[in-house]
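Hi everyone, thanks for coming. Let's take a look at the bonds and charge pairs in this protein together.

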Amino acid sequence: MRLSLRHLLLVVAGLTAGACQNNTVSNGTGTLPPPQNLSYELDPSGDPVQPTGIRLAWDDVQSSDLASYRVYSRGSTSGSFLLRGETTSNTFHDNGVPHLQYYVTAVDVGGGESNRSNVVTVNEYLQIGAPPSLTGITLDSAIHLDWPDTPDLARFKWYRVYSSDYNLPQNACVNWALEGTTVSHEFLAAQLANGVTRCFGVSAVDTLGYESLWSPIWSDTPRPDARNVLVWAYDVQPLQSGFRFWDDLNGNGYGDAGELGLVQDGNRTDIDFRIERDVNDTLWIVPVFSGTSVLSYGPTAALTDIDLAPTSGYSRQRAKMLPGYGYVFEIVEGQDVRYGALRVTHAGTQYAIFDWSFQTDRGNLELAPRAGLATAPAVTGGRVAASR
């Protein structure tokens, strides 16, 4: 990696201070052959121009006269090679921003030193290409990330996935850290808090440890969901005909277990809706809570097809339940607005089965994957409605 002037000055200062021992290289006075096939691998840091270190490796010299190996390096092509360290192993780890060039010699038991190995050059122009885009699918306590492969697959080794907190007042991603690594072009970030926005970025690393620039940043907010919930028609099983997306019993605003996706008594006034059937045995979604309204989203292949909740078009009128159709709910409680969704997998004559999702973050329209760069969740003012 070609060091900037600032880094070169630091190298020179370090050498002056004795960071590298100021020894000159011998001219092959020992009895051993030089080490062969010196290679290296960088330690990625998240910053492609500042790896955290370099690991050197070479073929072991097979001789009973071998005492040690000496590693030499320099920070520029015009500088002198100086002793970086000595080891009895055929590997060497150098912490910090690597020098520009390295080579190794073998030392025999009498102190004689071999000719040098091949010289390796840390070349920033070998940096691998970044993933060109990044998208996500919003899940319950998790985010599924996906991206196109790096264009440099011939040199590819793995991907590094980074995540950070999202600071709403600053409209910024802060406190970046490594989330994990993968050899696939997808990654599941799990055990996340529902209703809390996270930021993600992905880099590619090649076989020499060169790390690419990051992909575009993706921000996302996990939200609760569930699959295959069965709710009865009111006149068949009234105690199991109502549904409530969220009852924040603990008042922490995150949607704890036991508070979400509740099948309840259809006679309650705090449920979001109940299912009723007409004289033709057709099932209908009937909003109950005064702040809940519904919008038919139309045919959907999966619940995750409902990406963002629409900002208008909701109604307090009942909606006909059709298999394969999606429905979005706007729930206004006091000054808070939240959104839920469901997709009907079965609508018979007595009961319905559906998948559902709910966003606990106030005003956040995210219910599934989004196209393009994600933006910060917008908290909107709600209509005044009765509390429950």
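Let me start with a question: is Glu 113 buried or exposed? Glu 113 is buried, at a relative accessible area of 3%; buried means under 20% relative accessible area, exposed over 50%, and partly exposed in between, using a 1.4 Å probe and protein chains only.

A word on the source: this is a predicted model, where local features need pLDDT of at least 70, side-chain atom pairs count only at pLDDT 80 or more, and totals for chains, interfaces and linings use all residues. Residues are numbered from 1 along each chain as its sequence is written, and side-chain values use heavy atoms, with hydrogens and water left out.

Back to Glu 113, whose side chain meets that of Arg 70 in a salt bridge, 3.1 Å from N to O. By salt bridge I mean a side-chain nitrogen of Lys or Arg within 4 Å of a carboxyl oxygen of Asp or Glu. Arg 70 is partly exposed at 21%. The whole structure has 16 salt bridges.

Another one joins Arg 268 and Asp 270, at 2.8 Å from N to O. Here Asp 270 is buried at 16%, while Arg 268 is partly exposed at 33%. Both belong to a salt-bridge network that also includes Arg 244 and Asp 247.

Now for the sulfur atoms. How many disulfides are there? The count is 1, taking a disulfide as a pair of cysteine sulfur atoms within 2.5 Å. Cys 173 and Cys 199 form it, with their sulfurs 2.1 Å apart. The link is left-handed, with -75° about the S-S bond. Cys 199 is buried at 0%, whereas Cys 173 is partly exposed at 27%.
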